[in-house]
Amino acid sequence: MGSLDAIIRELRTAAARARAARYAVHGLVAAAGWVAAVLIVARLTPVERRAEAAVVGIPLALAVAAVAWLLRRPNAAVLMRLADFRLGLKERLSTAWERRTESGPLDGVQRQDALRQAASARLASAFPVRVNRGEASLVAILAIFSLALALLPNPMDQVLAQRQADRTSQAKAAKAVQAAQKKVADNAKPTPIDPEVQRILQDAQAKIREAGGPRKALETITPAEQQLRRLTDPGTPALSSSAQNLANALSGTAAGRSAAQAISSSPAKGAQSVRDLASQLQNLSPKDREELAKALAKAAQQAQNSTMRDSLSKASSSLQRGDTAAAAQALDGVASQLDSLQQQENSDQAVAAAINGLEAARQELAAQADRDARGQGGQPNAGASSSPGASPGASGSGNGNGNGTGTGTGNGTGTGTGSGGTGGTGSNGSGTGSGSGARGTERIYVPGQPVPGQSQNDPTPLGPGQDVPLSPYSQVIQAYQQAALDATDQSLIPGSERDLVRQYFSQLGEQSGATPK
């Protein structure tokens, strides 16, 4: 029995060695086939991290082959029969193994004969290590094919690069919205609408990140901006204009000059200064009261806010009657309106900061969407133009003494030139223009609508030898100031910028008042 067991162990080792070689080739075929299949699929459809997917399949295929090698081990009877057949032992080993437990008259003789035959034969040669040439050739072919697929340019690489650029662009856009949200949260002057502003920004940020591309993400910005604009008070421009008109009117009075400067600085400071003025009405001289009453009446006529107009009108009429108590009460109402204006401006600043964040996100997404449309989505700087201009076209003009004019237009990155005619003793006028043509996906900015109430009339043509008509400074500064303030009120710009405009015209008004008449 011990000798038969030794034969079984030797045959089992040889068989395992032979099967290992065979299953190793099977595993290599499967691994090479997997790699080739992944690379082929990656050329038909975008597959991210295809290299990792291909590499992962190699050990998996070898592991499957190893499991099959373990599970398909032949038993001892099969090993004996195969050895008999391949070594020409005429079933001696298989018979001895089958009757190894028997003790008949011939069983011992038969076993001895089997052991002698096995001792003279090379048992390992019954299971030689051989590699199927067809499988080996297939492995080589698949390996070369996979290498070629890996080295040759893949048309899906551009698609993957575009997807990556899209994700990067959406991440930057979401980060811009997040920065705006943080700015609103860190505002030193919180407003009641801050929680709603942050909620809108949070929703917009999530939608931008989850969108299926920059164009889809762009579709989420306009609704968010519309929600933000609905949070603003439509009466703020009228109230702001009324407050500035009050400052302009008070700047010409001795008693109200400090209040005018405070109102131009900020509505909150103006409210406190107006309250101080109300408390000092009884100490004013009759001349100062009359002057202040006229200024308040003028401000009431110009006021666009009905509540402030009523308060200013009441304060003016009360001063004219000499009722300082009623006038002070009316001015307290004006101060309350200025406090309300400050609150509204703070809210507008929060909305403006949020919209600025959304606009930054819009620019980032629009730039990436343009690159995608041009097929350069994976190149962040592909849309950069060598020309600094970004207008659809450009025109130039040149004027000579003979009223020569010239225009030029540019298309794409080209330039245009033009020359003007001559007349009298004038020289030729010339003009040049350059610009980049507008593409189908670019956003073209058009001029806004005229400000209501602002004159849009063209100047009267001058005849030969006529001088340009001039208007006194004091007659035009008010119109320019009102137009500038109306323009700032109709756009959601930070309140600090509006304060700069007010301060600028306030200082001009002071200089105008100091000019001798």
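Biologist: Is Arg-309 buried, partly exposed or exposed?

Modeller: Start with the scale. Buried means under 20% relative accessible area, exposed means over 50%, and partly exposed is in between (1.4 Å probe, protein chains only). Arg-309 has 31% relative accessibility, so it counts as partly exposed. Arg-309 is found in helix H15 (residues 306-321). Helices here are DSSP runs of H or I with at least four residues, numbered from the N terminus. Arg-309 and Ala-297 are 12 residues apart in sequence and 9.0 Å apart in space, C-alpha to C-alpha.

Biologist: What should I know about the model itself?

Modeller: It is a predicted model: local features need pLDDT of at least 70, side-chain atom pairs count only at pLDDT 80 or more, and totals for chains, interfaces and linings use all residues. Residues are numbered from 1 along each chain as its sequence is written, and side-chain values use heavy atoms, with hydrogens and water left out.

Biologist: How many salt bridges are there?

Modeller: The rule comes before the count. A salt bridge is a side-chain nitrogen of Lys or Arg within 4 Å of a carboxyl oxygen of Asp or Glu. That rule gives 13 salt bridges.

Biologist: Which residue forms a salt bridge with Arg-229?

Modeller: Glu-225 does, and the closest N and O atoms are 3.8 Å apart. Both lie in helix H10 (residues 221-230), 4 residues apart, about one turn of the helix. Glu-225 has 4% relative accessibility, so it counts as buried. Arg-229 is partly exposed at 43%.

Biologist: What does the salt bridge between Arg-275 and Asp-339 look like?

Modeller: Their side chains meet at 2.6 Å, N to O. This pair links distant parts of the chain, 64 residues apart: Arg-275 is in helix H13 (residues 267-279) and Asp-339 is in helix H16 (residues 324-373). Arg-275 is partly exposed, with a relative accessible area of 29%. Asp-339 also counts as partly exposed, at 30%. Elsewhere, salt bridges that share partners join Glu-225, Arg-229, Glu-359 and Arg-362 into one network.

Biologist: Which residues form the positive surface patch?

Modeller: Patches use residues with over 30% relative accessible area and no salt bridge; like charges are joined within 9 Å, and nonpolar side chains (Val, Leu, Ile, Met, Phe, Trp, Tyr) within 5 Å. Lys and Arg count as positive, Asp and Glu as negative; His and the chain ends are not counted. Each charge is placed at NZ of Lys, CZ of Arg, CG of Asp or CD of Glu. Here, Arg-22, Arg-72, Arg-86 and Arg-130 form the positive patch. Arg-72 is in the loop between helix H2 (50-71) and helix H3 (76-87). Arg-72 has 60% relative accessibility, so it counts as exposed.

Biologist: Which residues make the nonpolar surface patch?

Modeller: Leu-28, Ile-58 and Leu-62 make it, and it covers about 220 Å². Accessible areas come from the Shrake-Rupley method with a 1.4 Å probe; for residues, only the protein chains shown count as cover. Ile-58 lies in helix H2. Ile-58 is partly exposed at 34% relative accessible area.

Biologist: What is the phi of Arg-49?

Modeller: Most residues other than glycine have a negative phi, and most peptide bonds are trans. Arg-49 is not a glycine, yet its phi is positive, about 55°. Arg-49 is in the loop between helix H1 (2-44) and H2. Arg-49 is exposed, with a relative accessible area of 63%. Lys-90 also has a positive phi, near 55°. Lys-90 is in the loop between H3 and helix H4 (92-98). Lys-90 is exposed at 70%.

Biologist: Why does the span of helix H11 agree with its residue count?

Modeller: The expected span of a helix is 1.5 Å times one less than its number of residues. H11 has 15 residues (236-250), so it should span 21 Å, and its end C-alpha atoms are 21 Å apart. H11 is mostly covered, with 14 of its 15 residues buried.

Conventions:
Helix = DSSP H or I, 4+ residues; strand = E, 2+ residues; numbered from the N terminus.
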